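Colleague: I would like to learn how to read a model of this kind. Please take the features one at a time.

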Amino acid sequence: MVLLKILFITICVLWLLKMVARLLLPMFFHKMMAKAQNQANQRYQQRHNQTPDGRIKVDYMPPKEKNRGDDAGDFVDYEEVK
């Protein structure tokens, strides 16, 4: 008898959790998506509402390399023979 009572209570609790999840999860995901969309809109507006001041912004400058002309080898002047 105790086993049936435990089984019945377990089934009722799982059924209630299923019903609560069916009601609350869509609201939770809707709020989460709305928050993510608001953050994306704010970032977009921050990037595109900045007024350009006519300057060029350089994010990366490659390091200057040495002149490779010295390492290329010997060059011979071309003379045409007839």
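This is a predicted model: local features need pLDDT of at least 70, side-chain atom pairs count only at pLDDT 80 or more; totals for chains, interfaces and linings use all residues.

Colleague: How many helices and strands are in the protein chain?

Modeller: Helices (H or I, at least four residues) and strands (E, at least two) are DSSP runs, numbered from the N terminus. The protein chain has one helix and zero strands.

Colleague: What span should helix α1 have?

Modeller: The expected span is 1.5 Å times one less than the number of residues. Helix α1, residues 2-48, has 47 residues and should span 69 Å; its end C-alpha atoms are 67 Å apart, which agrees.

Colleague: Is Phe 8 buried or exposed?

Modeller: Buried means under 20% relative accessible area, exposed over 50%, and partly exposed in between (1.4 Å probe, protein chains only). Phe 8 is found in helix α1. Its relative accessible area is 56%, so Phe 8 is exposed. Of the 82 residues of the protein chain, 0% count as buried.

Technical notes: Residues are numbered from 1 along each chain as its sequence is written. Side-chain values use heavy atoms; hydrogens and water are left out.
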